[in-house]
Amino acid sequence: MGALSSAKRLSGETAAGWLADWWADAVLYRRLIGARIRAQMQYRVSFLLMTLVSMVVTGSDLLAILILFNYFGELAGWRAGEVALLYGLAMVAFGLSEMVAAGFDVFPRAIQQGEFDRVLLRPVGIFVQVLAADFQLRRLGRTAQGGLALALAMAWTPIVWSPLKVLYLLVVLVSGFVMFSALLVLGAVLCFWTVQSIEIINTVTYGGTEMASYPLPIYHDLLQRFFTFVVPLAFVSYFPALYLLERPELQRLPSWLPGATPLAAALLGLTAWLAWRVGVRHYQSTGS
Amino acid sequence: MPFVNRIADVIPERASRRSSRPLAKALPAGRERASLKGLVWSIVRAAARRNGARGRAMRVYIEVARRAFQQQLAYRTANLAGLATNAFWGALRSFLFLGLFQGREVAAGWDVHDAIDYVWLTQAMIMPVYFWNWWGIADTIRTGDVVSDLAKPFDYYAFWLSRDAGRAIYHTLFRWLPTMLLGVLLFSVRLPAEPGRWGWFFLSLTLAVWLSFGLRFLYNVAAFWLMDQRGVGALVSIAAIFLSGFLVPLNYFPNWAQDVVTWLPFAGMLQAPIEVLLGKLTGVALASALLLQAAWALILLAADRLLLALAVRKVIIQGG
């Protein structure tokens, strides 16, 4: 740990220093997560059971979609396989961020109990400490069933795969992961001011995955704009799916729109990062 | 978490002193006030004084329910946030069903208005029925508080049922009602005009709460045997969410599945009361739906009591 912390605070404002900080954080994150995974693996049966439960719980959403489409056949011109693609894109992204960035989800507790004071005192990155505070490997369950949905989508839709599309799919999943993580961070940032835990961000994340599981045009204009410009989750699933499936809806939209997904992710991620820094500076301990 | 499980929180002494009810006045001051047992006994004594032997038990349970109701009043912000969440989901799900019904008049006996009413009723009923992830009793088993609850001079099952009744009444008034009103405002949810239908609905809703409680009691008491009952609880919860018709109305399940799920206890927790309010059940169908709910409630009651009896035999109090 000594090497870590000395590398850490040499930095100053130079680019090299910033890079050194970043690298130190990455190494630290890997160590903290490694410790958490080892701890969770001590109770192997319990871990496997909870992962299974997590898969069943999240898998019921997919089953619900399949039952609905078994009866109704289609939704605004989208069939089961196509909706499974929307759902899978949203779930893999959300599942990953729920697993990796869960520390921000439980952040209100850290503020209330004064735990964050201790984080500030340590000579390593603040962000990375909070990030690593609640890594739960069993949350892979959600990602796994998101992957299952993607597999179903590939079996049931005539997507013509090209190297570009495969690359695009990966970029979209990473972008979605960044966006959901950024939302979790923004939710945590609110707690610097409210102290109480704010449920609103859960509405945006969980509600966002629900929204992102269906084609955007079924929603009211206001919601469509909200999920395109304010909380740009339409870029996680709907716009990418238009491109991957080569849907006719794309002809009525700017053709570069699906390509803007990483940009939207970068913007949201940057917003969250800046908000986080402002929040940390604003922080006043609860004193408890 | 809106559930604080210790009797000390159910009957907080400050709250009782502030309250102007005669029962609260009967609470002892001074020495006994600090003692939990003294507090509980004083309630029993006060109840006995007021109602005689016959009404004694009932009076206590009504008081327990009232305290559970009052306890919920403290979480006003949380309730508002929850209301916003329910309304947001109500809106998202309404658009889903509006989309599904495009170019369709009727699907499985429902038109689009029925589907929208269903969406808002499911959102409104989440909190009153409370059909997932409730750990009220399991938490007391983990902390050991269950021992003092079991030692109290009233029936353990009836104690928790009364608490849940008080909670459910609160959530019907402060969550169900505003959610439905938002549904009326935002999506023109139709509320039936016949008072009779409302009567049957509230009877069905009451049975739904009791059913749900019976199930929650079961997986909570399982904590006596399991180190961590959360896995079991989560599985039961997801079964309840799925098979009650919360995610998909049961009438859209494949026929073979419908034959099974409509007979399970879960259907009585959501789908049955909703169909009663939508006016889909009349005459014999209405009677049999209510009877099925009641039958399952009684079966779960028997299972709860049996499991509790087994659990109590197992409890070893270590003191300390």
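This is a predicted model: local features need pLDDT of at least 70, side-chain atom pairs count only at pLDDT 80 or more; totals for chains, interfaces and linings use all residues.
Helix α13 of chain B, residues 271–278, is largely enclosed by the rest of the structure, because eight of its eight residues are buried. A residue is buried here if 20 or more other C-beta atoms, placed from the backbone, lie within 10 Å of its own. Helices are DSSP runs of H or I with at least four residues, numbered from the N terminus. Residues are numbered from 1 along each chain as its sequence is written, and chains are lettered from A in the order in which they are written.

What covers the buried residues of α13(B)? The cover includes α6 (112–129), α10 (195–221) and α14 (283–314) of chain B. After α13(B) comes Gly279(B), with a positive phi near 75°.

I turn to chain A. Helices α4 (residues 80–100) and α9 (residues 140–156) of chain A pack at an angle of about 155°, and their axes are 7 Å apart. Axes are lines fitted to C-alpha atoms over the stretch in contact, and angles run from 0 to 180 degrees between N-to-C directions. α4(A) and α9(A) are therefore roughly antiparallel, a term for angles over 145 degrees.

Finally, the interface. Chain B contributes 27 residues to the contact and chain A 25 residues, where contact means C-beta atoms, placed from the backbone, within 7 Å. On the side of chain B that touches chain A, α5(B) gives the most, with 12 residues.

Key
A residue is buried if 20 or more other C-beta atoms lie within 10 Å of its own, exposed if 12 or fewer, and partly exposed in between; C-beta atoms are placed from the backbone. Helices (H or I, at least four residues) and strands (E, at least two) are DSSP runs, numbered from the N terminus. Two residues are in contact if their C-beta atoms, placed from the backbone, lie within 7 Å. Angles under 35 degrees count as roughly parallel, over 145 as roughly antiparallel, 65 to 115 as roughly perpendicular and the rest as oblique.
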